[in-house]
Amino acid sequence: MIIKNISIRNFRSYYGDNSFDFSSGLTLIIGDNGDGKTTFFEALQWLFNVTVDTPNIENFSEMRKSQLEVGEMDSVVVAMTFDHNGIKTIEKKFIVECYEKGRYRPLRQEFMGYEDKDSGRTPIDGKALVLRCFDAFLQKFSMFKGESDLNVFNDPAALQQLVAKFSDLKEFDKYVAYTEEFERKSNSAFIKESKSDEKIAKQVESLDSKLIEVKRLLSHAERELTETEASAQLFSGKIEDLEKHKDTSEKYAEIKKRIEAKQAEATKYRGSIAANNFNINLLDKMWILCVFPSVLKEFQAKCSAFSKNKRAQNEQFIKERAKHEGKKEAYDEITQLVNGASRLPWYLPGEAEMEEMIHDHICKVCGREAPEGSEAYRFMCEKLEEHKRHALAEAEASKPEDQEQKELFENEYVEEIHNLSLNLGGFNETEVTGKASEIGGCIDLVNMFKRKLDEVERDLEDMADEKARILIQAEGVSEEMLDKSFQDLKGYFDQKGKAEKRALELEQKIRDLKGQRDYYKEQIDALAPGKGQVRVYKKVHDAFDYINKAFVGAKDKNLTMFLESLEDRANDYLMRLNANDFHGIVKLIRTANDSAVIKLYSSNGSEIKKPSGSQQTTMYMSVLFAISDLTTLKREEDYPLIFDAATSSFGDAKEDDFYNIIDNINKQCIIVTKDFLNRSELRMADINKLTCSVYRIQKAEGYDKNDLSTIRTTVVKVK
Amino acid sequence: MAGKSVGDKMLQAVLMDEKLMVFGGYSPDECTSLVRALSSDNCIVNAVARIIDRGRSGASESEVYREVNEFLKSNI
Amino acid sequence: MEKLYDLWANRNPEYEIKYDESIIKTFCDYGRGTTVFQEARGKIFGAGYEILIIAFFIGLYKDQRKPLVGDTSKRKVLGQPIKFWGNLDSKPGRVSYSNIRRYIFAALVARSDVDYIALDKGEITNRKAVDTLMTTMEEYINWGLDFIAEKMEDNPNYFFKDTAFLRVFLDMLPKSATAQKVELDMESEDDDAPESLD
C-alpha cells in the first residue's frame, strides 16, 4: 500500500483544509513542539479507529468553532487516498452545528470508503476498507507516534504476533499440544497394558506409582523454578532500573537545576520588561517632550525677538533722552540769538536789583540818577520788562524736559522669559532633542528583553522535552520514583539473592527428581513383558514421545530461525542507515517468555549497554524496516512506515545522509521531525541537500497561547 | 525453498530431529515432501506426515490420535 | 515683582465636565480618594491632571485648539493648581517630573499672543497676560481631550494597550528626524490609520 494523500480539515489545530501529498519514498514533515506534529498522528489514528462511532466535539478546530454563527455548520474531515490494488480513499467525517450562541453539537459521524474504478468512483464500506487494507496489526507495526514506541518489542506480545503472522510455521503450538497429549495417552495405554500382563503387573504397578509421584514432584518443582526465576528476573530488573536511574536521577537532578536557572532568567527578563511602563514614561521620563524641539525653537525665537526689541527700544529711549538734554543746552544757546534778548551779563543786576533801582530812582550800576519820567528811568523799566519776558520764555522752554526723568520699562517680564529660554537651551537643550532617540533606545532594549525572553521560553520547552525524555528512558518510572532514596536498592539485592539461592536449590532438586524419574522409567522398560502386545504399546509410546520432542524442538527452532532472519535483515538496514559511520550489530535475543529484546553489540562481541540516542533510533528503525520486509514477502504488498523521529537524535553531520538513504530504500516513509529547525527558522541550505519532499507545519503567527481559538497549524510544502 | 508448502516445511523441520531420525531409522531425503511422506514405508515418517496433514485439515486431537495410534500399533 | 511663571503656576486650567467620566476617571486614579498603588484600580495614570497634560501636548503638537464651551456650569477644575503638577510625593513606582511645568509654560509663551513689551511698559496687566496663557492652555487641552474621545469612539480599547499613548506621540515625529519611527510590538488589531499631521 502506498499513501498518496492525506487531507485534514478542521481537526484540532488543523483549521480549514490542509493537504499532504506523498511520494513513494520519504516525505519529511518538519515542525517544532506544539506545531501540530502529534496532532497529525492523532488525526490518522482517529481515521483508522473503527471501533468508536460517536463523534467527539473536542476534535473540532477551536478557531473554526469560534467563527460559527448561529445556524452555521462545518465539518471535520480526515481522509487518506492510497494505492492498494487500485486507488482507494477512506474518509471519516462529522459535522458540527452551532445551534445557539456559544453552543454546539456534533452530528452523525460517517465513515466512507471509495474505490476508483473504470466506471468512476464507487463508494464502499469505509470500515471494511480499513480492515482490509490497514488493519490493527499493520497499524501496530507501521505507525510510531512517540520515541519510545520505536522499541517495538517493548510489548512482549509483539513478537508473538509477528511470529504468528509471518513465520512459516505458525501452527506449531497446536501440534506441540497435540503430540504432548498423544504421548500421555499412549503412555497410559502402555501402562494399562503392562498392568494386565501378569508377569510384570506387580512391578509395573509399584514402579508406576512411584513414577507418577516423582513426576508430580517434578512438575511442582519446575513450576516453582519458573516462578523463582521470574522473581529473580523482576528484582534484577528493578535493580537495573534503579542503577540506570541513578544515572537518570543524576541527569534528572541536573536538568531540574538548569530549568530552575532558566526560569530565574525568565523572571528577570519579565521584571525588566514590566519595569518599563511606556505610558508612565511619557511623564516620569518626560518622553512626551519628544516632539517638543520645534516648539522650543519657537519659544526661543520669540524670547530672543522680544529681548532684542526691548533692548532696541530702550536704547532708542536713552538716545532720545540724551538728545533732549543736549537739545536743552543747544536751545539755551539758540534762544539767546532767537529773541534777540540777551541775558544780562553776570555782573549786571538781576530782577530784584532792577526793581530796587527803579524804586530808588537811581541806577546803581553807573550811579546816574533816574527820576520818574526821565529817559534813564524809562530805559530801566523797559529793561526790567525784557528781563521778565526772557525769564518767562526760559521757563517755558525748560518744562517738557522735566518729564524726561522717568524710565521706559517698569517690568522685567521679557527678561524673565528670556532667562527661561536661555535656561532651557544650551546644555539643557539636549534633554529635549535627545528624547526621541532615548525612547528608541528604550524600546529597542525592551524588544531585546522580549526576544531574550522568547529564547529562554523556547529553551525551557526544550528542557521540558529533555526532562520528559529522561523520564521515558527510565521506562515507566515516575518522577516520584526518581526522587526516591536508594534504600530500596538494598532490599532488592536481598530479594534477588534469596531468589537465586532458591533457584539453585530447585535446579538441584529437579535434577534429582529427573534422575529418579529416568531410573523408574528404565526399570519399567527393562521389564520383560510376557505379552507381545505390551512391547508394541511401548514402542508406540516411545514413538509418540520422540515425535513430541521433535515438534517441541522444531517450534523452538522456528522461533530462533525467525529471529535470525529478522536479525540479518535488520543488520542489513543498519549498515545502510549508518552509511560510513560506526554501526555495531543488532542482536535479537530471546527472552524466557518467548519474546525478544533488541540489543546493540560492537563487532568484538561485547554489548553496548548505553547506546546513544541516534544509535538507538537507527537500531530500532532497522528492525522495523526488517519487519516491514517480511510483510512485503508474505503478503506480497508493502505498507508505509510513519514515524515521529526523536529530535536531535542525530549529530547534524549525519542528517542529510540519513534521510537520503531512507529516501532511497524502496519503502514509503513519512517522518515527522524537529530536525532542520534553527529556532523557528528552517535550515534551507541543509534541506536543499535532501532528495525527498519536505513539508513544514507551523503555528500561524498572531496566536495567543492561552486562547485555543487563535491557534492554527499551517501546512506548507517546502520542497 | 520455492514450491514448498507450509506442510512440507513443517514436516522437514520435525523429521530433521536427530533423535527421532535415529529412532525411526529413516534418511533425510525422505523428509522433503508431505505428499510423499504420507505414502512412505517408514512408519515414523508416515505417522508425522499424518499428524501434520490431519491437523491442517481441522481434525480434532482425539481423531488424529485414534488414527495415528492405530497406524503405529499395526506398523511399528 | 512677581514672576509671570509663578502667577501662572498658581492657576488651575478648566476643562469640560463631559470628559470627566469618559476620560479623566477612566484613565486616572481620580475621585473617592486616591490610592497609593494606582495599579490597584487598574488605571493607567495617577492624578487627574496627568491626562490633562497628555491632552495638552496632543493639542500643542498638532497645533489645534478648541475653545471651551461658554456655559461655566459645564466646566470645572481639578484639585491641584499647576504648581503641584509632577511633584508626585514620591509615589511608589513613580518619579517626580516637576520640570515639565517649565516646558508647558515655554510652549504657552511661544504660542500665545501676548505683547511682552507692552506688558513690561505696564500698558497691559500681568493678570491679563496670564489669562491669555491660560486660555491657550485650556484650548489645547480641550482639543486634546476631544481627540482622545473620538479615538475611543472608534475603538474603545485603543488606549488600553501598553503603548497606545506613546504611539500617538511617536506618530507625530517628523519622518526625517534623527530618531526613526520605531516599530512597537503591538497586536495586529489596532490598525487605525494614523492621523494626518495637518
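In the predicted model, helix α13 of chain A (residues 413-424) packs against helix α4 of chain C (residues 100-111) at an angle of about 125°, and their axes lie 11 Å apart. Axes are lines fitted to C-alpha atoms, for helices over the stretch in contact, with angles from 0 to 180 degrees between N-to-C directions. α13(A) is therefore oblique to α4(C) (under 35 degrees is roughly parallel, over 145 roughly antiparallel, 65 to 115 roughly perpendicular, the rest oblique). α13(A) contributes A:Ile417, A:Leu420 and A:Leu424 to the contact, and α4(C) contributes C:Arg102, C:Ala106 and C:Val109. Contact requires C-beta atoms, placed from the backbone, within 7 Å. By class, 5 of these residues are nonpolar, none polar and 1 charged (Ala, Val, Leu, Ile, Met, Phe, Trp, Tyr, Cys and Pro are nonpolar; Asp, Glu, Lys and Arg charged; the others, Gly among them, polar).

The contact between chains A and B takes 24 residues from chain A and 21 residues from chain B. On the chain A side, α18 (532-578) gives the most, with 14 residues. That side divides into 12 nonpolar, 4 polar and 8 charged residues.

In α1 of chain B (residues 6-15), 7 of 10 residues are buried (20 or more other C-beta atoms within 10 Å of the residue's own). Among them are B:Met10, B:Leu11 and B:Val14.

Helices are DSSP runs (H or I, at least four residues), numbered from the N terminus. Residues are numbered from 1 along each chain as its sequence is written, and chains are lettered from A in the order in which they are written. In this predicted model, local features need pLDDT of at least 70 and side-chain atom pairs count only at pLDDT 80 or more, whereas totals for chains, interfaces and linings use all residues.

Key. Helix = DSSP H or I, 4+ residues; strand = E, 2+ residues; numbered from the N terminus. Contact = placed C-beta atoms within 7 Å. Buried ≥ 20, exposed ≤ 12 C-beta atoms within 10 Å, placed from the backbone.
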